[in-house]
Structure formats: structure tokens, C-alpha cells
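Work through the exercises below with the sequence and the 3D structure at hand. Each task is followed by a solution in steps.

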Amino acid sequence: MIKKDFYIAELISGYLSGTLSSEEETGLKEWRDSSPGNEELFRHICATENLVEYCRKRKCFDKNGAWMQLERRLSSIRRRKMFLNLSKYAALLIVPAMIVFSVYIFNSGENTVAERIEDQEIRILPGEKKATLTLGGGETIDLQAGFDAKLKEKDGTAITIDRNVLNYQPANANESEEKEIYNKVDVPLGGEYALTLSDGTKIHLNAMSSLQFPVRFVKDQRIVTLEGEGYFEVAESRKPFIVRVGKIDVEVLGTTFNISAYDGEPHQTTLVEGSLRVSTALGVSKTLKPSEQAYMNKDSEELKIRKVDVFLYTSWVNGKIYFKDVYLEDMMNNLARWYDIHVSYEDAAVKKLRFGCNLNRYKEITPFLELLEKTENVNIVVKGNNIIFKRK
């Protein structure tokens, strides 16, 4: 049992440092999937706030004493034959120690990112609920957190702005005689916003995203246009629901999915539940099953399907930012939109360094930057809202 616990600790260390082989990744996944407790422990260990706390305690941590204490405790457990509790003790004591000492090597003489940022007047804060609503007549309304209002469109559709959510409630009318009136929601850098369409479909928009939609669906299809990223929970209806994004149409009848389609980045449609069909302007059409993703590279119009962990692509809706073994550039592009920061690199090779993270979306970015420096792969210079990465 002890040998297995050390092996799991080494796998988690490798996961955090991005050095796992394909076989080791499979082994770690099997351990995580074997019980809810293992998955909970894994996420607890990988949470940024926990790792940073380990880092902050490094100067007063007695490694030799800790291992002696561990051996005494394990010896005591053996004597009492408490084999059922052995795994728990090993996980709580061995895994954090393995992570702290095998993944992160500290330079005690350098100021931390947190200390350097504290010397500045500007704090890098997370995004918030904010957007701009453009009505059918061209009037614009600033949607800020806590803002309440009730509006009415020309066709009688009631619009309720209830703090953080925009709700559309259609008026009773003969739909066949009405033309569709379009509204648009634009979410800026450092923002997010949620809305419920007149058919009951719920949409969560990420930073630097926009959605154009009819205030009431009167045609045979429910069509909306997305730029950026949105998480959709489509209400069931006999009318197909279509999301138009770039050169792709995503068609559903009732399902939950995420679309990410930022300029200059791959376009990805990730299915959580239900089914949907993805079609391109070239006539290619593919049907997705849950946990599958339709992927179109930014340099090609070829549509590919792959199996994915949907949590990686939908965690932002639940207040998390979760990455696994991705390029630093891709990770920072995502964070830059949410934290409204500008990121640059003095060495192009730094962009291709691979990292993973599990962040609280509503916390400051400082602990994460400090953690990146502790890997000893990069130096980080922070000047206001500008973050510069240098090779270590």
C-alpha cells in the first residue's frame, strides 16, 4: 500500500510539472476514476491556493523532521494494524511533501511575484459581471453587476435585467405575422454575462464575446450568432436551434455544450450532454456524442472530432480556470481576456513551455504567477497590467 501511495504521489508531481508519459497519464486517470475520494484529493492537491500555501511555508519547513515524523506515524499505524486508514495518512502527508520537494525548487533570496506586485499601485483583479446590451432600435444599455431594470421591445417582448442575468419573456402575439427583432450582448475584456432567451435557452458568455439573437423566435429555426465563447443550455423545442460561429453552424434540438471561437485561435465545440451536428461552409457535417469535441484549427478548415474531458472546457462556467498540459501562450491568452492584462514574451521558446493549473476564477492572479515562478522555468516581470515572461 505504501509503495502504491508513493507511486501516486510521483504521478501527481509529474502531472504538475508536465512530465508524465502516456502510460503514466493513463495510470493517474485510472486512480482518479476509481473513487470520488481520489478525485477530490487530486483536485485539492492541484488547487493553486493549496500549492501556494505549501510554497509560503517553505522557509520554516523541516524536511528531515517531517520524514521522521511520517515514519513514526506509519510505524504506529502498523503496530495498531490500522490498515484501512493507511492510505488516507499517506495521501495527506506524502503527496504534499512529494509535490513541494520534487516539483518546486525555491530561491529564498528572491522577492516573490506577490511582493513585487504589492509595491505597485495597480492590482490585477479578476473579471466581473458586465456587458453592453444593444436593442433593436440601436439604443445601448450598460449592464453592470447589481443593475436592475425592466424594458420592452417594439414587439412587446419584456426584457428583465435582474442583477447578473438578462431575461426575455415574449408577449402573446401571432408569430406568423411578426418579423424577428434582434438584440446583441457584447462582453468586454474582464467580463462575463448570462442571459435567458425567450425560448428558455440559457447562455453564459465569456470575456471578449458577443451574441446576436432574436428577442422572439418566429421562424422555423432558432438562429443565434456567436463571437468568442459561450456555454449553452438549449431548451427543447420542435424548432432546431442553430449557433452560427465563423464558418461553422452548430445545430441542436436540446442539449448542453460549449463553443470557443476566438479570432486567431482554434474553434472548438464541446458537447456535455445530448447531441448536435456541426457543419462547415464547405459542406462537411459531423455529429457529436457527449464528451466529444469538434475541432477546427486556425490554420485549416478541416473539421476533426476528438474525445475530451469536458471539465477542461466548461470549468469557467462554474468559477474555475482549469488547464492540463497546455502551452503557456494558450493558457495566458485565456487569462488575459479574463483579467484584462497584456502578456508578452522576451523569448519565443517560453511560449511553448507546458503547464497545468486549477484556479479560482474570482481570485486575484498573483498567487498563480508566483506559482509559475516557483517551477523555475520562467521569470515574470509585472508592470501594472503588463506581464512579461522571460526564460529562467
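**Exercise 1: a strand with two partners**

Task: find how β14 pairs with β17 and with β13.

Solution. Step 1: β14 pairs with strand β17 (residues 292-296) in the antiparallel sense, over four bridges. Strands are DSSP runs of E with at least two residues, numbered from the N terminus, and two strands pair if DSSP finds at least two bridges between them. The model is predicted: local features need pLDDT of at least 70, side-chain atom pairs count only at pLDDT 80 or more, and totals for chains, interfaces and linings use all residues. Residues are numbered from 1 along each chain as its sequence is written, and side-chain values use heavy atoms, without hydrogens and water.

Step 2: T270 has Q293 of β17 as its bridge partner.

Step 3: strand β13 (residues 256-261) and β14 (residues 267-273) are antiparallel too, with five bridges. Here S260 stands opposite Q268 of β14.

Step 4: five residues lie between the strands of the β13 and β14 hairpin, where G264 has a positive phi near 80 degrees.

**Exercise 2: two packed helices**

Task: describe the packing of helix α2 (residues 22-33) and helix α3 (residues 36-46).

Solution. Step 1: two packed helices are described by the angle between their axes and the distance between the axes.

Step 2: for α2 and α3 the angle is about 120 degrees and the axes are 6 Å apart. Therefore α2 is oblique to α3.

Step 3: the contact (heavy atoms within 4.5 Å) involves L28, W31 and R32 of α2, and N38, E39, L41, F42 and R43 of α3.

Note on methods
Axes are lines fitted to C-alpha atoms, for helices over the stretch in contact, and angles run from 0 to 180 degrees between N-to-C directions. Angles under 35 degrees count as roughly parallel, over 145 as roughly antiparallel, 65 to 115 as roughly perpendicular and the rest as oblique.
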